[in-house]
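This report describes selected features of a predicted model. Please consult the sequence and the structure shown below while reading.

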Amino acid sequence: MMGMKAIEAARVFVEETGISDSLSAEDFLVERESMLQSLFPTSELMPGASRLIEHLHAKGVPICLATGSHRQHFELKTQRHGELFKLMHHIVLGDDPEVKKGKPAPDVFLAAARRFEGGPIDSEKILVFEDAPAGARAAKNAGMSVVMVPDPRLDSSHHAIADQVLSSLMDFNPSEWGLPAFENA
């Protein structure tokens, strides 16, 4: 369900858990919201995320964020990391008008590719970092390469879609992807 639009993930959740007779997907989202309001502001970055973003930005590599999160949740999750997200060329959110379908549909990634300076970037030249199987599938559906950094509890059968799987962004080697190497690698 990770990476899907909220209502799509909620439908899967209530069906798979067998609670759909007593709780609708819409009601589940209402109940879930108060928990998210307290949890999201404490969100931490993945280890290595700051290093990678700052490095790519310093080397002039165009970077953006394409997330299934809608604006309200994105702002809650990132409020402690605003300076880092200012380094992005642009950010495409799940409630963007161009994003008709959530991940695993490619909409969010294709919208992101179109917004780079100078027009759309060829999907084959885009490297996506993903933690969610639906997001990795969405990037591949958009024709992009994927480095997956999954939660260690995720069943490894979900890794096959990715071009590379890492246990941490700290393990990422930019030069393996034709990107400028880290200074102190």
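Arg 51 is partly exposed, because its relative accessible area of 30% falls between the 20% limit for buried and the 50% limit for exposed residues. The residue lies in helix α3, which covers residues 49-58. Apart from residues up to four places away in sequence, Arg 51 touches Met 170 and Phe 182. Between Arg 51 and Met 1 the separation is 50 residues in sequence and 28 Å in space, C-alpha to C-alpha.

A second topic is the pairing of strands. The two pairings that involve strand β4 (residues 145-148) are listed here.

| Strand pair | Sense | Bridges | Residues opposite each other |
|---|---|---|---|
| β4 and β5 (residues 164-165) | parallel | 2 bridges | Val 147 and Gln 164 |

Strands β3 and β4, together with helix α7 (residues 133-141), form a right-handed β-α-β unit.

The last topic is helix packing. Helix α2 (residues 25-39) packs against helix α4 (residues 71-78) at an angle of about 30°, and their axes are 9 Å apart. Because angles under 35 degrees count as roughly parallel, α2 and α4 are described as roughly parallel to each other. The residues of this contact comprise 2 nonpolar, 3 polar and 2 charged. From α2, Arg 32, Glu 33, Leu 36 and Gln 37 take part, and they meet Gln 72, His 73 and Leu 76 of α4.

Definitions and conventions. Residues are numbered from 1 along each chain as its sequence is written. This is a predicted model: local features need pLDDT of at least 70, side-chain atom pairs count only at pLDDT 80 or more; totals for chains, interfaces and linings use all residues. Side-chain values use heavy atoms; hydrogens and water are left out. Helices (H or I, at least four residues) and strands (E, at least two) are DSSP runs, numbered from the N terminus. Buried means under 20% relative accessible area, exposed over 50%, partly exposed in between (1.4 Å probe, protein chains only). Contact means heavy atoms within 4.5 Å. Two strands pair if DSSP finds at least two bridges between them. A crossover is right-handed if, with the strands pointing away from the viewer, the path from the first strand over the helix to the second runs clockwise. Axes are lines fitted to C-alpha atoms, for helices over the stretch in contact, and angles run from 0 to 180 degrees between N-to-C directions. Angles under 35 degrees count as roughly parallel, over 145 as roughly antiparallel, 65 to 115 as roughly perpendicular and the rest as oblique. Ala, Val, Leu, Ile, Met, Phe, Trp, Tyr, Cys and Pro count as nonpolar, Asp, Glu, Lys and Arg as charged, and the others, Gly among them, as polar.
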